[in-house]
Amino acid sequence: MNTATIRSKFLDFFGRQHHVVKNSFSILPQDDPTLLFISAGMAPFKPYFLGLKTDIKRAATCQKCFRTTDIDNVGYTFRHHTFFEMLGNFSFGDYFKKEAIAWAWEFITKDLGLPKDRLHVSVHHSDDEAYQIWNRDMGVPADHLVKLGDKDNFWTIGVGPSGPCSEIYIDQGPALGCGDPKCAPGCDCARYLEFWNLVFTQYNRAEDGTLTPLEKKNIDTGMGLERLAAIMQGKTDNYDNDVFQGIVRHVEEITHRRYNDSTQIRTAMRVVGDHVRALSVALADGAMPGNEGRGYVLRKILRRAARFGYRYLGQEKPFLYQIVPTISRILDVYPEIQQNLDHVSRVIHGEEERFLVTLKTGSEILTDFIGRLRKDGKAELDGGRAFLLHDTYGFPLDLTREICREEKMTVDEKGFATELEKQREREIGRASCRERV
């Protein structure tokens, strides 16, 4: 079952359950200063969860999302992405746990046909009500149910609606497990893969962490489309699903490299595919690369993709922009990418072209530094050299850090911070002298 079919099935299912099916909101938050990007399907519905809007009681979306917390892991794991699509159904003071659980179970076991004997569920350790609904009403056996703590089964995006949750897992088999006979959902190994989170939103969380009960109880669910597509296509790696493989095939054509030629090439193509997809969506929605806030995040991932292309895919000229039309075709459910195709391609090309000059010079100098350190038996790049790359050659610290990590070296970031502070003090001193003159 391809990704587009899964997306349609989900929205059609909840449309039949009298949900208002909405198109994805922009990836850029509207009137919400707490977020750089929309990072969860529920985020655009905050006013409804808080009772500030009441025109609809139920909704379902496939929401464009962007998360900034794990950028440095993208490419190295099966699951991390910057941009992803989040399937979600929501209730604003209407239905609650019983209906949410029943519909989730019906959708995954009947509409998708996932085998019940491979499905497992977790609930918050205090949520006996959810446990009983799963066990008594849905027929999930006790040995497929587990109670977990706040870390796994209490959901929040920071400030705003929060609550206990129930997660649905699929058993990917002992071959992906840790070998521990007690291995179960919640283990850090890859055997039990969580793919749908049902959040029972009943509190509003303040900045200081205080939880205030909401006047009306709500439902917020989130299921990553990329992850679900991999499951439905019999894959254990998100990057093996139909969407990413469509992007990978184009990257192979451009670079004349093959995805499975080596671990480094595979990682580089994952980084390129993920980051260009994220850039295409964000730029089409009106964001722009810059030096602060969300602009800095976009510039960071563009430069990261360019570096992987330069170092591992042999690309010494701009190439990322060539992938945008493929992104537009594969993500045709979001027509704004096609509508802004020339703009998106032009911005990516210009940013990449300017950065490649910096990248070539900085990479050569850093490679020389690393070679010297190895000769001296050292495994840490000192803060002074890291700062020199940043200050003199415009080479970002995050790229220095990542290159050093690949070379099994660390960076003295405290030393870097010290040098940065010294520079700021010098600038203040020079400014003060100019004022006296």
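Predicted model: local features only at pLDDT ≥ 70, side-chain atom pairs only at ≥ 80, totals over all residues.
What is the handedness of the crossing in which α8 passes α12? The crossing is right-handed.

## α8 against α12

α8 and α12 pack with their axes 9 Å apart, at an angle of about 120 degrees.

On the α8 side, the contact uses L279, S280, L283 and A284. They meet H343, V344, V347 and I348 of α12. By class, that makes six nonpolar residues, two polar and no charged.

## α9 against α12

Helix α9 covers residues 293-312, and helix α12 covers residues 341-375. Their axes lie 9 Å apart, at an angle of about 60 degrees. These two helices are therefore oblique to each other as well. Their crossing is right-handed.

From α9 come R299, L302, R303, A306, R307 and Y310. From α12 come I348, E351, E352, F355, L356, L359, K360 and S363. The class count is seven nonpolar, one polar and six charged residues. I348 of α12 takes part here, and I348 is also in the contact with α8.

An α-helix has 3.6 residues a turn, so residues three or four places apart point the same way. In α9, the contact list includes R299, R303 and R307. In α12, the list includes F355, L359 and S363.

## α12 against α14

α12 has a further partner in α14. The axes are 11 Å apart, and the angle is about 45 degrees. The two helices are therefore oblique. α12 passes α14 in a right-handed crossing.

F355, L366 and I370 are the α12 residues in this contact. They meet L399, T400, I403 and C404 of α14. Six of these residues are nonpolar, one is polar and none is charged. F355 faces α14 here, and F355 also belongs to the contact with α9.

## Helix α6

How many of the eight residues of α6 are buried? Seven are, so "mostly covered" describes this helix of residues 225-232. The buried residues are L225, E226, L228, A229, A230, I231 and M232. A charged residue, E226, is among them. Just after α6, G234 takes a positive phi of about 70 degrees.

## S122 in strand β4

Strand β4 spans residues 119-124 and holds S122. Is S122 buried or exposed? S122 has 0% relative accessibility, so the residue counts as buried.

The side chains of S122 and N153 are joined by a polar contact of 3.1 Å. Leaving aside residues up to four places away in sequence, S122 touches V146, L148, N153, C165, S166, E167 and Y169.

## Positive phi in two loops

Most residues other than glycine have a negative phi. H256 has a positive phi, near 60 degrees. H256 sits in the loop between α7 (242-255) and α8 (263-284). Its relative accessibility is 67%, so H256 counts as exposed.

K408 also has a positive phi near 60 degrees. K408 lies in the loop between α14 (397-406) and β11 (410-411). With 71% relative accessibility, K408 counts as exposed.

Conventions. Residues numbered from 1 in each chain as written. Heavy atoms only, no water. Axes fitted to C-alpha atoms, helices over the stretch in contact; angles between N-to-C directions. Helix = DSSP H or I, 4+ residues; strand = E, 2+ residues; numbered from the N terminus. Parallel < 35°, antiparallel > 145°, perpendicular 65-115°, else oblique. Left-handed = near helix turned anticlockwise from the far one by under 90°. Contact = heavy atoms within 4.5 Å. Buried < 20%, exposed > 50% of the residue type's maximum accessible area, 1.4 Å probe, protein only. Polar contact = N/O pair within 3.5 Å; in protein donor to acceptor, adjacent residues only side chain to side chain.
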